[in-house]
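Have the sequence and the 3D view open as you read.

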Amino acid sequence: MTAVEHDADVIVVGAGPGGSATAYHLARHGVRVLLLEKTEFPREKVCGDGLTPRAVRQLVRMGVDTSPEAGWLHNRGLRVIGGGVRLELDWPELASFPSYGLVRTRLDFDDLLAQRAVAAGAKLRTNVNVLGPVLDGDGRVTGVEAEVGPGREPATFHAPLVVAADGVSGRFPLALGLAKREDRPIGVAVRRYYHSPVKHDDNYLESWLELRSKDSGDNLLPGYGWIFGLGDGRVNVGLGVLNSSSAFGKTNYRRLLTDWLANTPVDWGMTDETNADGPILGAALPMGFNRVPHYTRGVMLVGDSGGMVNPFNGEGIAYAMESGELAAEVAVQALARPAGPERERALMAYPNELKARLGGYYRLGGIFVKLIGRPEIMRIATKHGMPHPTLMRFVLKLLANLTDPRGGDAMDRVINAMTKAAPAV
């Protein structure tokens, strides 16, 4: 049998935040990385565009300049609106995370991260549509089949290890028979950009726990909303609905968004269609490890491909980048070992470590999703919880997963104990 020449040590499928983070950290360790992206940059992605301090930490770890001069809008924390209360909660001051969040559109955010990977030594190829895996006689993945360029020319790329970072569609893991788990939470989000001179430079991310239309009276609309200023005259406005809600899959989400916005102040600019900048777009939010295993047969799953969105707050970018860094660390150690059982043993550290870091937290998140899917529970929680700032600061830390693992304050210790005690998903 003729030996196949490898095009790289690792092929990364998808140049979103997870894929680019993986490629960056691999290349920084001298690994030959081929980063394949199906589109051309810049390109748009459906997202809230808001980054918590957890995501900011990952940007800093990639050497990204997060200063306002580099085009980032900083925010101080989260403004929560619900139960007749408006509460501004600053991001906690921690040793493990910066005390600020960021906002930047995905139009150039993903391009910026991909270029960081290239600067570290990764080889980026765009307009490469990966169709599925190349398998050896034992069923192990040894590369990818793809269509390349505008002519969709067939191509094959080989590597001893493949990282699937192809987003919520998960086409690559699906080709391996890794379907989504139906017992894990999932959400749907829609968002639109609006020109808003009043809200565009807000220094808080704004979260709406209750949504009402003009004619809904005391009846709540399903879902939870956000308004994030972009600092350039526009805002990113959207809402999400979880599959624990009775409205999931039975609602016109675009209509839901416009119904809610029709009840906002006129000077915010979101009641007038002429202020809209582009259409309403939607995407699924795969949560709580809803696709496993995260390593099998030469393939590691990173980010949305492995269902790593936080069930508590819908945040995906931070976990895509974190899992990418972890995948890179494990891959570097595995590739230093001979192919076979020794390398496989090293690669299994990836799913095991993911489970140890996030399994208990995501289990709690799954319980949270089921609870807030019941309107009567959500109504009681907002009515009795919102008026208590200390309690809400605890909730912010829990929902955003922002604690110091060692030391920290009493809130940190309680949250850390809860996540350790919860059985991992």
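## The largest cavity

The lining of the largest cavity divides into four nonpolar, one polar and two charged residues. In this count Ala, Val, Leu, Ile, Met, Phe, Trp, Tyr, Cys and Pro are nonpolar, Asp, Glu, Lys and Arg are charged, and the others, Gly among them, are polar. The model is a predicted one, where local features need pLDDT of at least 70 and side-chain atom pairs count only at pLDDT 80 or more, while totals for chains, interfaces and linings use all residues. Residues are numbered from 1 along each chain as its sequence is written, and side-chain values use heavy atoms, with hydrogens and water left out.

Tyr-319, Glu-322, Ser-323, Leu-326, Leu-354, Arg-357 and Leu-358 form the lining, and the volume is about 50 Å³. α6 gives the largest share of this lining, four residues. Helices (H or I, at least four residues) and strands (E, at least two) are DSSP runs numbered from the N terminus. On a 1 Å grid over the protein atoms alone, a cavity is a set of points where a 1.4 Å probe fits but cannot get out; a pocket is an open set with protein on both sides within 12 Å along at least five of seven lines; lining residues have an atom within 4 Å of a point. Grid points are joined across faces, edges and corners, and a volume is the space filled by probe spheres set on the points.

## The second largest pocket

About 750 Å³ of space lies in the second largest pocket. Its lining has 24 residues, with Arg-54, Ala-356, Arg-357, Asn-401 and Pro-405 nearest the centre. α8 provides the largest share, six residues. By type, the lining holds seven nonpolar, seven polar and 10 charged residues.

Asn-310 sits in the loop between β19 (299-301) and α6 (317-335). With a relative accessible area of 0%, Asn-310 is buried (under 20%; exposed is over 50%, partly exposed in between, with a 1.4 Å probe and protein chains only).

## Helix α10

In α10, the buried residues include Met-392, Phe-394 and Leu-396. Asn-401 follows α10 and has a positive phi, near 55°.
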